[in-house]
Amino acid sequence: MRVARTGLVPAAALVAAASLLLAGCTSGHPAPDAAPGKSADSLPGASSSPAAGATPLEPLPVEPSAALAPYYAQQLSWKACEPDFECSTFKVPLDYAHPGDGHDVVLAAIRRPAADKAHRLGSLLLNPGGPGGSAVEYVQSIAARYDSGVRSGYDLVGFDPRGVGKSAPITCLAGDRMDTYTATDLTPDDRAETDALVAVDKEFAAGCASRAGDLLGHVSTVEAARDMDVLRALVGDKKLNYVGKSYGTFLGATYAGLFPSKVGKVVLDGAMDPSLDAAAGNLAQAGGFETAWKAFAKDCVKRTDCPVGRTEQEAGDRLTALFKKLDAQPLPTEETRPLTEALALTGVAQAMYAEALWPYLRSALTTAQAGDGSGLLKLADQYYGRSKDGSYENLMFANMAVNCLDLPAPFADPAGVAAAVPAFEQAAPHFGRDMAWMALGCAYWPVRATGAPHTVRAAGADPILVVGTTRDPATPYAWAKSLAGQLESGRLLTYEGDGHTAYQRRNTCIDDAVNRYLLGGEAPANGKVCTD
C-alpha cells in the first residue's frame, strides 16, 4: 500500500508474505461460500461514503492525440529473459503535456505467454502495489500460483512503473544513510529528537531531488495509468484486463476513471479509497494496523508459545512496554545495528500483513523479551527491502516520491503532527503516535503535489470487481466499501478474515469468484461475502 515514512505502507511486506506462502508456511484453510444471511453491509467498519469535498476524476479522450500516436504505434520486441518469461521495453513521454519533446522514459515489461495460444483471451496486467513494488519481479514470483485456466488463457504481464525497479529507478540515500533514516526515533519526546527526525526527512528529500532530477515531478499515479494505457495498446488489447493489489487498486481505479470505455476485466484487491486526503488515509490505516494487532493477539494468547501473555489486554500492555523500553535503550542484535523503537514497530507492522508471518512475530517477540532484537530487525529489513549487504531496493524511494506527488502533505510541520497525535493514539493506541510522525516526510518534499483527493465513477465501464478484507491492516475494509460505492459498475467482494489482500491467498471462495470473473466475465453479486 502506501509508505513507511509518509504514514502508509508499501508492498514489500506483501511480497515477503507471498514468498512464505509459496514455501507452504500458512495455517489458513479453504473457505466455504458466504454464510447465509450475512452481507457486506452488516460487517464492522463498513462505510460506502466517499470523503466530502473530493472532486470527480474526469476521463481523458478515447483516442490519443496526434502527438501521442507514435508512443501507441511502437512495436514491442519480446525476448526470452528467464525460463517461461519474455522481457521488453517501451517508451512513454516524461511529461504528457509535452510528448515528443525528446524527454522520454523507458519502461521495463515482462510476460509469461498464455499456455493455450489457440484460446488466448489476451493479456492480464498485474501490479503488486507499493507504490514502488516491481511488477516485473512480482510476475516472476507469482505467475506459477495463478489458476491453471488463467495461465492458459492470458499472457501474464507486468511493467515497472516510472521510477520503479527497472524503469528509471529513483534512488535517494546510500545504504548507511537509509539505516539511519529507518532507525530514527518516531516518537520524539523533546526538541532534540524532533529536530533529528526532521533532519533525516529533509536529507531523504534532498537526496531524491539530487539523484532523480526532472523525473521526480513525473512519477504520479495518473502518469503511471496513462503509461498502462500505452502498454495495453502495445500488447494488442482493446480493453485492459488487470489485477491490482493494495496501491495497485489505486492505479487500477485511476485507469478506470481516465479510460472507462477501455476497462475490461479489472480486479482491485485490498482497495484504497481515492477520495481521502493524506491525513485521513494515514489515520484510517493506523486503525487498520490496530485491528490487525488485536487479531494477532487474540490468536496468540491461545497458544502455548505466546510471548505476550494470556489475555489480549496483557498482550497489548506488553507490546507497549517493549516499545517504551526500546525508546529508552535499543536492543543488541546479531548485527552491528541495534533494534530501535522505530525498527521494532516496523517489524511488528510487517507481520500484520499475513497470518503466515504470525509465527515469525511470536518468535521475534520472544527473543526480544530475552534481550535479542534480531528477529524484529529481520522483519523490519524485509519491510524496507534491505539486503544483507546493506543495500536497499528502490521501493522505499519510489514509494515516497509517488505518495508526495499524488497528495498534498498531511502535515506542514512538527507542530501539525503533534496536534494530530491524540486522534491517532485514540484510533491506534499501539501504533498511532508512530504513524502520525511517519507522515511528516512529505512536508519537506522538493516537488509540489500534482494530485488531490478525488472520486472515481468510471461511468460506462464494464463491471469492476473490488475485493476487501475485513481485518486488513494496510487497506482498511471501509476503503473497499467506499471505492465500490463510487464506481458506477463496482462489485464488492468481501473476505471476512485477516491479512492484506485476499486473492491468491488460498481462500477457495475468493479465488473461485475472481477466476470465474477473469475467465468468463461473470462478476459475483455485489456484496458477496467469503469467510474462513
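# Close-up views of a predicted protein model

**Figure 1. The overall dimensions of the predicted model agree with those of a compact globule.** For 532 residues, a compact globule would have a radius of gyration near 24 Å, and the value of 22 Å found for the protein agrees with this. The model is predicted. Taken along the principal axes, the box filled by the C-alpha atoms is roughly 60 × 55 × 50 Å. The secondary structure comprises 18 helices and 12 strands. Of the 532 residues, 59% are buried. When contacts between residues at least 6 apart in sequence are considered, 78% of them join residues at least 24 apart.

**Figure 2. Surface and charge of the protein.** The protein exposes about 19,600 Å², of which carbon and sulfur atoms supply 53%. Its side chains include 47 positive and 60 negative ones, and the centres of these two sets lie 4 Å apart.

Figure 3. The mean pLDDT of the protein is 91, and 91% of the residues reach 70 or more. Over residues 1–38, pLDDT stays under 50, and the model has 137 contacts beyond four places in sequence for this segment. A further segment, residues 42–46, also has pLDDT under 50. For residues 42–46, the model has 13 contacts beyond four places in sequence.

**Figure 4. The cis peptide bond between Gly130 and Pro131.** Gly130 and Pro131 are joined by a cis peptide bond, with omega of about -5°. Most peptide bonds are trans. Pro131 is located in the loop that runs between strand β5 (122–127) and helix α3 (135–142).

Figure 5. Although Ser246 is not a glycine, its phi is positive, at about 60°. Most residues other than glycine have a negative phi. Ser246 belongs to the loop between strand β7 (240–245) and helix α8 (247–258). Ser246 counts as buried because its relative accessibility is 0%, and the cut-off for buried is under 20%.

**Figure 6. Thr501, a buried loop residue with positive phi.** Thr501 is not a glycine, yet its phi is positive, at about 75°. The loop that holds Thr501 lies between strand β11 (490–498) and helix α18 (508–520). With a relative accessible area of 0%, Thr501 is buried.

**Figure 7. Helix α17 and the elements against which its buried residues pack.** Helix α17 spans residues 477–486 and is mostly covered, since eight of its 10 residues are buried. The buried residues are Tyr477, Trp479, Ala480, Lys481, Ser482, Leu483, Ala484 and Gln486. These buried residues of α17 pack against helices α8 and α9 (278–300). They also pack against strands β8 (263–269), β9 (454–455), β10 (464–471) and β11.

Figure 8. Leu60 lies in the loop between strand β1 (55–56) and helix α2 (69–72). When neighbours within four places in sequence are left aside, Leu60 is in contact with Arg226, Leu258 and Phe259. Leu60 and Val139 are 79 residues apart in sequence, and their C-alpha atoms are 29 Å apart in space.

Definitions and conventions. Residues are numbered from 1 along each chain as its sequence is written. This is a predicted model: local features need pLDDT of at least 70, side-chain atom pairs count only at pLDDT 80 or more; totals for chains, interfaces and linings use all residues. Side-chain values use heavy atoms; hydrogens and water are left out. Helices (H or I, at least four residues) and strands (E, at least two) are DSSP runs, numbered from the N terminus. Buried means under 20% relative accessible area, exposed over 50%, partly exposed in between (1.4 Å probe, protein chains only). pLDDT is the predictor's confidence in each residue, from 0 to 100. Contact means heavy atoms within 4.5 Å. The radius of gyration is taken over C-alpha atoms; the globule rule is 2.2 Å times the number of residues to the power 0.38. Accessible areas come from the Shrake-Rupley method with a 1.4 Å probe; for residues, only the protein chains shown count as cover. Lys and Arg count as positive and Asp and Glu as negative; His and the chain ends are not counted. The place of a charge is taken as NZ of Lys, CZ of Arg, CG of Asp or CD of Glu.
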